[in-house]
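Colleague: Could you take me through this model? I would like to begin with the terms and then go on to the details.

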Amino acid sequence: LNTSVRPGTSIRLVVQSRRRMVRDALCAYLSGRPEFDIVGQTAGIAGLIALCSLRRPAVVLVDAPSLSVEIVDGLRGLREAFPTTEVVVAYSELTSSAFGAAVQAGITALIPCSRGLEAIIRAVRRRGGTVAGAEGGAAALTEREMQIISLLGTGSSVPEIADTLQIS
């Protein structure tokens with residue numbers, strides 16, 4: 001997967017947030033950057049599949065202040081319907097069960113909101129990459145190792161990772 005953006009191209013992006021002000025602010029800010037082409041926005045997870053079917057984004061940016069297993073289940077349906085569309089989730093709160101569900105659902109990137117807008121933009125710009133084993137091959141890492149690496153990729157510290165995964 002080529003994660004760089006070629007000069008003269010832009011990343012087709014859909015923004016989802018149930019919070020209208022956040023959604024509008026993200027769309028306004030990102031549409032002013034040449035590397036992004038905002039092709040749609042929606043308030044609900046349920047509307048993402050219909051929107052993605054119409055607009056075919058490369059990346060979906062999801063604002064999920066409190067990421068729950070229910071939200072992840074909705075995103076699982078999106079990943080199944082559009083396996084090449086990257087899903088980047090910005091969250092404030094994340095339980096270990098929601099994290100495990102997100103890894104299993106194939107969420108491309110989980111970015112804590114505490115890392116700021118630039119971290120979210122970097123994740124969208126990179127389009128997140130791929131999860132080991134997502135292309136049908138055998139994963140070289142265990143599930144726990146993939147969880148730790150994924151959290152390291154979000155910029156989480158060792159104590160934050162231990163807390164999220166409920167390990168020492």
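Modeller: One term is needed before the strands are discussed: two strands count as paired if DSSP finds at least two bridges between them. Please keep in mind that this is a predicted model.

Colleague: Understood. Which residue stands opposite Ser66 in β4?

Modeller: Ser66 stands opposite Glu93 of β4.

Colleague: In which sense do β3 and β4 pair, and over how many bridges?

Modeller: Strand β3, residues 59-67, and β4 pair in the parallel sense, over eight bridges.

Colleague: And how many residues of β4 are buried?

Modeller: In strand β4, residues 86-94, seven of the nine residues are buried, so this strand is largely enclosed by the rest of the structure.

Colleague: Let us step back. How many helices and strands are there in the protein?

Modeller: The protein has seven helices and five strands. Read from the N terminus, its elements run β-α-β-α-β-α-β-α-β-α-α-α. Of the 168 residues, 43% are buried. Among contacts with a separation of 6 or more, 68% are between residues 24 or more positions apart.

Colleague: What is the strand order in the sheet?

Modeller: The five strands form an open sheet in the order β2-β1-β3-β4-β5, with parallel pairing. Its edge strands are β2 and β5 (109-112), each of which pairs on one side only. On average, neighbouring strands of this sheet are turned by 25 degrees against each other, direction ignored.

Colleague: Which strands does α1 lie across?

Modeller: Helix α1, residues 20-31, lies across β1 (11-17), β2 and β3, and runs at about 165 degrees to β2.

Colleague: Back to β3 for a moment. Is Val60 buried or exposed?

Modeller: Val60, which is found in strand β3, has 0% relative accessibility and therefore counts as buried, the cut-off for buried being under 20%.

Colleague: What is Val60 in contact with?

Modeller: Leaving aside neighbours within four places in sequence, Val60 is in contact with Val14, Leu48, Cys52, Leu78, Thr85, Glu86, Val87 and Val88. As for distances, the C-alpha atoms of Val60 and Thr108 are separated by 9.8 Å, and these two residues are 48 residues apart along the chain.

Colleague: Now Ile45. Where is it found, and what does it touch?

Modeller: Ile45 is found in the loop between β2 (36-42) and α2 (46-55). Not counting residues up to four places away in sequence, Ile45 touches Gln16, Val62, Ile71, Gly74 and Leu75.

Colleague: On to helix packing. At what angle do α3 and α4 cross?

Modeller: The axes of helix α3 (residues 69-81) and helix α4 (residues 96-105) cross at roughly 5 degrees and come within 9 Å. The two helices are therefore roughly parallel to each other, since angles under 35 degrees count as such.

Colleague: Which residues meet there?

Modeller: From α3, Val69, Val72, Arg76 and Arg79 meet Ser97, Ala98, Ala101, Ala102, Gln104 and Ala105 of α4. The residues of this contact divide into six nonpolar, two polar and two charged.

Colleague: What about the packing of α6 and α7?

Modeller: Helix α6 (residues 143-153) and helix α7 (residues 158-165) pack at an angle of about 135 degrees, and their axes are 10 Å apart. They are therefore oblique to each other. The crossing of α6 past α7 is right-handed. Arg144, Gln147, Ile148, Leu151 and Leu152 of α6 meet Ile161, Thr164 and Leu165 of α7. This contact consists of five nonpolar, two polar and one charged residue.

Colleague: One last topic, backbone geometry. What is the phi of Arg56?

Modeller: Arg56 has a positive phi of about 50 degrees although it is not a glycine. Arg56 is placed in the loop between α2 and β3 and, at 53% relative accessibility, counts as exposed.

Colleague: And Gln166? Where does it lie, and what is its phi?

Modeller: Gln166 lies in the segment after α7. Its phi is positive, about 55 degrees, although Gln166 is not a glycine. With a relative accessible area of 66%, Gln166 is exposed.

Definitions and conventions: Residues numbered from 1 in each chain as written. Predicted model: local features only at pLDDT ≥ 70, side-chain atom pairs only at ≥ 80, totals over all residues. Heavy atoms only, no water. Helix = DSSP H or I, 4+ residues; strand = E, 2+ residues; numbered from the N terminus. Contact = heavy atoms within 4.5 Å. Axes fitted to C-alpha atoms, helices over the stretch in contact; angles between N-to-C directions. Parallel < 35°, antiparallel > 145°, perpendicular 65-115°, else oblique. Left-handed = near helix turned anticlockwise from the far one by under 90°. Nonpolar A, V, L, I, M, F, W, Y, C, P; charged D, E, K, R; others polar. Buried < 20%, exposed > 50% of the residue type's maximum accessible area, 1.4 Å probe, protein only.
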